[in-house]
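Subject: A structure for you to explore

Hello! Here is the structure I promised to pass on. Please open it next to this email and follow along as you read.

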Amino acid sequence: MRAITIFSTLRSITLGFIRIIPKAKLNRTSKEDINIDRDQLLAEVKENGFSSTFNISSKRVNRIIEYNNQVNYKGIDGKGSFNIDYNNPQRPSTELWYTNPNAEECDAIKELVYNEDILHIAKEYLGKEPTIKDVRTWWSFPQDKKEYNHLYGYHYDIDSYKFLKMFVYITDVDENGGPHAIISKTHLAKDMYEKKNRRLTDEMADNKYEKDRFFVMKGKRGTCFFEDTFSYHKGTIPCYPRLILQLEFSI
Ligand SMILES: O=C(O)CCC(=O)C(=O)O
Ligand SMILES: [Fe+2]
């Protein structure tokens with residue numbers, strides 16, 4: 001059982017940002033676009049903390065890129081406002097840059113948030129009707145320094161009582177493209193060491209977990225996966241700019 005008191009405090013702080021998903025907006029996105037075996041993906045998240053990958057169409061990715069090119073990005077401290085052109089992404093600095101797309105302004109994202117199969121997975125995983133806590137796109141850029149940077153290190157999130165993220169790669173992500181990495185089955189109850197260490201260096205992680213627990217999510221743009229980011233996970237440092245979209249469902 002997770003520390004309910006901390007989470008309920010966190011929850012009340014974050015509640016202001018949470019949007020309840022109106023039932024009437026449940027729409028089945030066209031089958032050609034999002035064709036998933038929802039029961040299989042759900043079973044995988046329950047067992048391992050993350051699902052295998054699936055794809056959305058390049059048409060949808062293009063629509064997300066078109067929207068993305070019109071909005072501005074903030075630094076991790078919430079400061080700054082930079083347009084980052086998908087076709088020629090220039091880093092304002094080496095840190096992470098994010099924006100919160102307004103799903104109401106971008107149908108390509110809205111149809112994902114309200115997709116019946118995606119919502120089914122979120123609801124069944126979270127145990128009740130979810131809310132959409134956060135919609136965010138992140139640019140990550142190559143780093144000048146090689147030393148440990150916690151922004152790119154293993155950690156687990158404590159975003160609310162229970163939460164589930166869906167990630168969508170908007171750029172191609174191979175082993176050099178800053179793939180998302182996860183340690184399987186760490187979404188389950190934490191031991192004392194894990195409770196004390198919300199962040200782990202690679203060395204700490206290597207010492208604690210068997211090799212076969214480490215997974216790296218690669219795929220062309222349009223590649224998606226679900227993850228309970230209460231698991232240890234990290235975005236690795238890319239050799240070229242990476243853009244990722246995340247939808248976060250929570251209760
Ligand atoms: O950039 C990534 O792949 C990981 C981001 C992350 O830690 C998160 O979304 O919780
Ligand atoms: Fe995270």
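Two strands are said to pair if DSSP finds at least two bridges between them. Helices (H or I, at least four residues) and strands (E, at least two) are themselves DSSP runs, numbered from the N terminus.

Before the findings, some housekeeping. This is a predicted model, in which local features need a pLDDT of at least 70, side-chain atom pairs count only at pLDDT 80 or more, and totals for chains, interfaces and linings use all residues. Residues are numbered from 1 along each chain as its sequence is written, while chains are lettered from A and ligands numbered from 1 in the order in which they are written.

**Confidence and overall make-up**

The predictor's confidence in each residue is the pLDDT, from 0 to 100. The protein chain averages 89, and 87% of the residues score at least 70. Over residues 1-16, however, the pLDDT is below 50, and beyond near neighbours in sequence this stretch has 9 contacts in the model. Two residues are in contact if their C-beta atoms, placed from the backbone, lie within 7 Å.

The chain holds 7 helices and 14 strands. Among its contacts with a separation of 6 or more, 86% are between residues 24 or more positions apart. Of the 251 residues, 34% are buried. Here a residue is buried if 20 or more other C-beta atoms lie within 10 Å of its own, exposed if 12 or fewer, and partly exposed in between, with C-beta atoms placed from the backbone.

**How the strands pair**

Let's start with S9 (residues 180-183), which pairs with S11 (residues 214-217) in the antiparallel sense over 4 bridges. S9 also pairs with S13, again antiparallel, over 3 bridges.

Now look at S8 (residues 163-169). S8 and S14 form an antiparallel pair with 7 bridges, where Phe167 stands opposite Gln246 of S14. S8 is also joined by 4 bridges to S12 (residues 223-227), and these two run antiparallel; there, Met166 stands opposite Phe226.

Are the residues of S8 buried or exposed? The strand is mostly covered, with 7 of its 7 residues buried. In a regular strand the side chains alternate between the two faces of the sheet. In S8, Phe163, Lys165, Phe167 and Tyr169 lie on one side and Leu164, Met166 and Val168 on the other, and all are buried.

**The nonpolar core**

In soluble globular proteins, nonpolar side chains tend to be buried together. A nonpolar core is a set of buried Ala, Val, Leu, Ile, Met, Phe, Trp, Tyr and Cys residues joined through C-beta atoms within 7 Å. The largest one here has 49 residues, of which Val168, Ile170 and Phe226 touch the most other members. S8 gives the most to this core, with 6 residues. Leaving aside neighbours within four places in sequence, Ile170 has contacts that include Val61, Ile64, Leu243 and Leu245.

**Around the ligand**

Which residues surround ligand 1? They are Trp138, Asp157, Lys165, His180, Thr229, His233, Gly235, Ile244 and Gln246. The elements that give two or more residues to this shell are S13 (233-235) and S14 (242-250). A residue is near a molecule if its C-beta atom, placed from the backbone, lies within 6 Å of it.

His155 lies in S7 (residues 154-155). Why is His155 partly exposed? It counts as such because it has 17 C-beta neighbours inside 10 Å. Its C-alpha atom is separated by 8.6 Å from that of Thr229, 74 residues apart along the chain. Setting aside neighbours within four places in sequence, His155 is in contact with Arg198, Arg199, Tyr232 and Lys234.

Lys185 sits in the loop between S9 and H6 (192-196). Most residues other than glycine have a negative phi. Lys185 is not a glycine, yet has a positive phi of about 65 degrees. With 14 C-beta neighbours inside 10 Å, Lys185 counts as partly exposed.

Asp33 is found in the loop between S1 (19-20) and H2 (38-48). Asp33 touches Ile56, Ser57 and Arg60, not counting residues up to four places away in sequence.

Enjoy exploring!
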